[in-house]
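Dear colleague,

I am passing on a structure that I would like you to look over. My notes on one part of the fold follow below it.

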Amino acid sequence: MALTEINFDGLIGPSHNYAGLSLGNLASAKNAGNVSQPRAAALQGIEKMRANVQLGLVQGVFLPQRRPDTGWLARLGATPEGASPALLANALSASSMWAANAATVSPAADTEDGRCHLTVANLLTMPHRSHEWPETLEQLRLAFSDESAFAVHEPVPPPFGDEGAANFMRIAPSHGEPGIEIFVYGKTGGAFPARQHEEASRAVARLHRLEPDRTMFVEQSKAAISGGAFHNDVVAVANENVLFCHGQAFANRDGFFAELRRAAPYAEIIEVPATRVPLEDAVSSYLFNAQLVTLPAGGMALILPTEAQDNPRVWGWLEEMLVGNGPIRQLIPVDVRQSMANGGGPACLRLRVLCDPSYVDPRFLVDEGKLDAMAETVAEYWPEEIDAGHLADAALWKEIRAARTALCETMGLPELI
């Protein structure tokens with residue numbers, strides 16, 4: 001089995017809006033009530049995927065979920081027509097676009113049974129995300145249906161909040177070799193909730209049948225959470241043997257680094273000190289919410305939001321890093337401003353799955369032709385704008401449903417309509 005890293009991006013859905021639902025997500029709160037541009041947002045996401053394909057990377061996609069979520073509202077004794085504005089906004093959220101929260105993934109090289117294990121995240125901390133998991137599970141079971149290669153698990157039960165791969169990292173000599181799986185959890189974030197529970201992380205490790213001596217549980221710092229790093233991937237990212245992180249990412253930085261170096265002597269830690277890039281700059285630019293990828297021709301590239309390029313301190317540090325001739329050899333800015341305005345950068349939009357692509361349902365894998373077809377569908381059906389104050393418009397709901405149906409037909413996935 002030839003293991004290849006596939007980035008599955010969540011396509012930004014036709015209900016993309018700025019209702020400001022995510023406590024602790026500073027960008028989401030800042031832009032609450034603004035007018036969103038779902039069509040432009042989805043097209044930005046498609047171009048991000050296209051850029052990856054042109055780099056020679058294998059690219060997948062997950063589709064937007066059904067919105068408004070009438071099933072969730074019904075379980076609450078409500079309908080879209082009769083729901084309160086707050087409840088309706090939660091039922092219309094397009095937040096499943098951030099596929100980094102879809103699941104936690106352990107590749108076959110790390111698991112006892114030699115299969116790739118995926119556990120769908122319960123996302124129970126935030127109401128607007130707590131009802132995503134059934135449809136996420138539906139797509140995961142379609143995309144990874146071959147039980148000889150994959151094990152897809154239901155979410156960890158309440159009350160243990162699990163937010164998926166956004167709080168997970170993996171260090172290995174190369175993608176296909178056994179590695180160290182690092183689960184990052186929070187205990188307190190001051191005024192903001194710590195979304196990843198330690199017990200949820202430990203449950204996922206058990207479900208994935210990981211070796212204890214190659215599994216680490218690391219606490220995220222209170223400073224990071226209170227500073228707006230609601231997920232670990234806002235302050236740290238790893239790829240193969242490289243850990244790229246902010247100096248204030250972890251509660252016990254020295255202890256974690258020492259343990260990692262013992263477990264993985266090959267690990268290379270690139271730490272950005274707070275004296276050079278303050279935590280506020282790291283969070284506002286989403287410097288670490290980047291895709292750190294290994295290029296087919298060799299070397300690593302950092303695919304990061306254009307906001308990082310706009311910040312002189314952030315970009316200055318990155319340019320110095322390149323001159324230093326380290327493992328990260330290329331910086332690739334991408335425009336995902338519509339996603340960034342709701343608090344999600346390039347890494348938020350994708351779930352990394354290390355597997356043999358031949359075992360994946362090909363309808364979830366994309367090339368230039370599929371991306372063209374997706375872009376045509378989006379251009380025709382996605383709303384141009386959504387005013388967060390007008391979510392109760394029944395005509396808008398009809399437009400959102402028609403857009404999603406058209407996309408499912410374009411992708412040959414009638415099961416998801």
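In what follows, two elements are in contact, or pack together, when heavy atoms lie within 4.5 Å, and helices (H or I, at least four residues) and strands (E, at least two) are DSSP runs numbered from the N terminus. This is a predicted model, in which local features need pLDDT of at least 70 and side-chain atom pairs count only at pLDDT 80 or more, while totals for chains, interfaces and linings use all residues. Residues are numbered from 1 along each chain as its sequence is written, and side-chain values use heavy atoms, with hydrogens and water left out.

Leu371, Met374, Ala375, Thr377 and Val378 are the buried residues in question, and, seen down the axis of α14, they fall within an arc of 165° (taken from the directions from the helix axis to the C-beta atoms), so they line one face of the helix. The face turned away from that buried side carries Glu376 and Glu380, which are exposed.

As for the sheet, its three strands form an open arrangement in the order β3-β1-β16 with mixed pairing, where two strands pair if DSSP finds at least two bridges between them. Because β3 (58-62) and β16 (350-355) stand at the edges with a single partner strand each, one side of each has no neighbour in the sheet. Strand β1 (residues 4-10) runs antiparallel to β16 and is joined to it by six bridges; Phe8 has Leu351 of β16 as its bridge partner.

Best wishes

How values were computed. Buried means under 20% relative accessible area, exposed over 50%, partly exposed in between (1.4 Å probe, protein chains only).
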